[in-house]
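Hi,

Here's the structure I promised to pass on.

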Amino acid sequence: MSDNLQTELELLKQKLAELNHAYYVLDNPLVSDAQYDELYKKLLEIEKQHPEWITLNSPSQRVGDKPLSHFESVTHAVPMFSLDNAFSQDDLVDFQRRIKDRLNTQEEVEFSAEPKMDGLAINIRYVDGKLAQATTRGDGLVGEDVTHNIRTLPSLPLHLLGKGWPHILEVRGEVFMSKQVFHSLNEEFVSRNEKPFANPRNAAAGTLRQLDPKIAAQRKLSLYLYGWGQISEQWLLPSTYSAAIQTFKDWGLPVNPDSQVVLGAKGMSDYYDQLIEKRADLPYEIDGIVYKVNRLDTHEKLGFTAKAPRWAIARKFPAEEVWTRLLDVDIQVGRTGALTPVARLEPVSVGGVIVSNATLHNLDEIERKDVRIGDMVIVRRAGDVIPEVVGPVLAQRPDSVKKFMMPNACPECGSAVVKEQDKAVYRCTGGLFCPAQRKRALQHFVSRKAMDIVGLGDKLIEQLGALEIVKHPDDLYRLDVQTLAAMDRMAEKSAQKVIDAINASKQTTLARFVFALGIPEVGEVTAKNLANHFLSLEAIIAATKEALVEVDDVGDIVAEHIVNFFNQPHNKEVIDGLLAAGVHWPTPQVKAIAENSIFANKVVVLTGSLQQLTRSDAKQKLEALGAKVTGSVSAKTDFVIAGEKAGSKLTKAEQLGISVLTEAEWIEMMGDNNG
């Protein structure tokens with residue numbers, strides 16, 4: 001009796017799998033909903049009587065009982081490559097030409113063409129026909145295990161249909177949310193006063209990253225396959241990509257019904273025209289088309305570049321544009337202190353996404369485009385690119401528009417804002433004080449090559465910053481064991497180690513201290529050069545721009561950054577706090593100067609490509625002879641050594657009448673000192 005019942009259970013599983021495939025994949029229901037429910041109810045009754053017969057491939061097991069605590073990382077057996085992009089028909093013509101050249105043929109190439117789904121790439125592994133694992137793309141090499149959520153997709157078979165499948169089969173595809181499901185989900189969120197998803201892709205991503213599979217099951221994700229990863233070697237693929245996809249379809253796997261096989265550049269163009277015309281009517285979002293060479297033996301011949309296959313390309317659809325009102329311009333201060341103007345817009349839908357903010361890039365762009373507050377503006381969004389303001393609709397410009405002005409003071413901390421020389425960037429000068437730069441400033445300050453405070457990792461810095469316990473680097477030296485021990489994942493012993501490391505960092509070097517301040521473009525080498533040149537912090541702080549450019553590796557722009565940094569009272573307050581906390585260093589040792597050298601105490605600039613020596617070797621030789629090697633040409637420069645393809649520095653030297661030497665002339669002048 002039990003054998004008959006177990007046989008009935010297996011037949012029910014097979015029947016329900018076939019009905020699911022017909023309903024969700026083929027869109028061709030074979031029975032009524034009531035009839036399906038009756039079969040499903042019978043399956044549940046048998047499994048209730050015999051729970052030992054329940055297997056993972058049962059329709060009743062699509063949704064697990066328990067949420068996960070975290071996602072596990074999985075290394076892909078075969079990397080998941082990205083695709084190169086084409087943005088015009090000419091790009092596709094070039095794509096086919098490159099293929100013909102590599103294959104040494106004049107025949108038109110056959111391509112498989114399919115919609116480029118706007119979703120998330122997934123790798124699904126079957127072992128002996130049973131769904132074993134599903135992994136996100138991640139970085140292409142390592143993804144996250146989301147099997148618990150992928151199992152909830154009704155269109156995906158838990159056990160492959162038919163027969164003849166290999167022992168191991170990895171299929172790849174795109175998980176997405178249909179437009180209808182997306183709109184219904186957002187309506188539900190709005191009714192509960194919850195923030196809706198911005199677009200179907202974000203909704204699918206948010207669903208796939210749920211730890212509780214019950215949530216994923218409720219949101220009804222979909223999937224279309226577009227390729228494969230690892231397949232058992234003994235199983236032979238068909239000769240073409242389209243035939244392989246058809247084989248997967250025969251096994252019950254969902255494939256895109258709008259895919260076609262086309263011939264040559266003309267076929268790719270015709271398919272593009274067809275799909276872009278029906279794009280708005282498709283039940284899902286797409287952002288382009290993927291073309292793949294159909295013959296699989298050609299895939300092997302063409303191979304891969306470092307990041308993408310040579311036999312496939314993605315034709316992107318043109319950017320979508322809409323008009324809306326520019327209400328105001330806000331300023332965002334980035335981690336490096338750069339000020340970025342952001343357009344605040346009347347909310348508008350662009351390519352299925354509600355947009356209320358868009359980038360304006362910088363002040364130069366705003367002035368170039370003549371965008372003004374109050375304008376009707378054109379907003380563009382292309383794929384996942386941040387929306388941008390293309391320009392104003394001048395025909396609809398009201399009289400009340402206002403020009404945007406970059407603030408003189410940082411909106412976050414009130415420090416002075418300066419424009420970087422020869423750049424469009426405006427930057428807050430309060431690097432040690434500004435809240436927007438706090439995290440980056442602290443991470444840099446404690447780093448190994450700076451103050452080297454072991455144990456103060458990113459997460460601990462985030463906690464201390466979020467709780468306003470540490471706002472500036474000098475606050476670190478006021479921490480105690482009790483405060484640190486109260487932080488997440490900290491205990492008294494580990495807190496004591498951090499305090500010990502903080503106290504140990506008080507004994508440092510001037511070069512390390514200057515580097516730790518995080519002055520823009522002042523790296524480890526430049527900080528060392530500043531310390532060796534000026535010998536004291538007071539001298540560096542007091543140095544003029546003219547004095548700073550005499551230092552090796554310090555040009556006009558770096559000198560300006562240094563002056564601006566030390567002119568900011570907030571930064572000086574933090575530095576005073578660090579010194580008061582006991583941070584100190586010995587005076588740097590002065591190098592002996594070769595007084596008998598023609599280059600002793602001379603200011604020398606190297607420019608262009610040297611042939612006999614590397615730039616580093618040349619610099620060392622000059623410094624050994626007492627020269628000061630600087631990065632920019634000024635009236636105080638004594639010699640410019642010009643290699644091949646010397647540029648603006650050579651021109652400036654000639655204008656100032658500075659002595660210019662070729663590499664050969666310089667080596668000859670070094671004479672006996674060239675050792």
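This is a predicted model: local features need pLDDT of at least 70, side-chain atom pairs count only at pLDDT 80 or more; totals for chains, interfaces and linings use all residues.

Let's begin with two helices. Helix 3 covers residues 89-103 and helix 9 covers residues 264-278; their axes come within 9 Å and cross at roughly 145°. The crossing is right-handed. If you want to find where they touch, look at Q89, L92, V93 and Q96 on helix 3, and at G264, A265, M268 and S269 on helix 9. Sorted by class, the residues of this contact are four nonpolar and four polar, with no charged ones.

You'll find T152 in the loop that runs between helix 4 (147-150) and strand 7 (168-176). Is T152 buried or exposed? Its relative accessibility is 9%, and buried means under 20%, so T152 counts as buried.

Now for the cores. In soluble globular proteins, nonpolar side chains tend to be buried together. In this model, the largest nonpolar core has 53 residues, and the ones touching the most other members are I453, L456, L476 and L530. Take I453 and skip its neighbours within four places in sequence: I453 is then in contact with F445, V446, L476, Y477, A501, I502 and S505. Apart from that core lies another one, made of 39 residues, including F71, L120, V171 and F182.

How values were computed:
Residues are numbered from 1 along each chain as its sequence is written. Side-chain values use heavy atoms; hydrogens and water are left out. Axes are lines fitted to C-alpha atoms, for helices over the stretch in contact, and angles run from 0 to 180 degrees between N-to-C directions. Helices (H or I, at least four residues) and strands (E, at least two) are DSSP runs, numbered from the N terminus. A crossing is left-handed if the near helix is turned anticlockwise from the far one by less than a right angle, and right-handed if clockwise. Contact means heavy atoms within 4.5 Å. Ala, Val, Leu, Ile, Met, Phe, Trp, Tyr, Cys and Pro count as nonpolar, Asp, Glu, Lys and Arg as charged, and the others, Gly among them, as polar. Buried means under 20% relative accessible area, exposed over 50%, partly exposed in between (1.4 Å probe, protein chains only). A nonpolar core is a set of buried Ala, Val, Leu, Ile, Met, Phe, Trp, Tyr and Cys residues joined through side-chain atoms within 4.5 Å.
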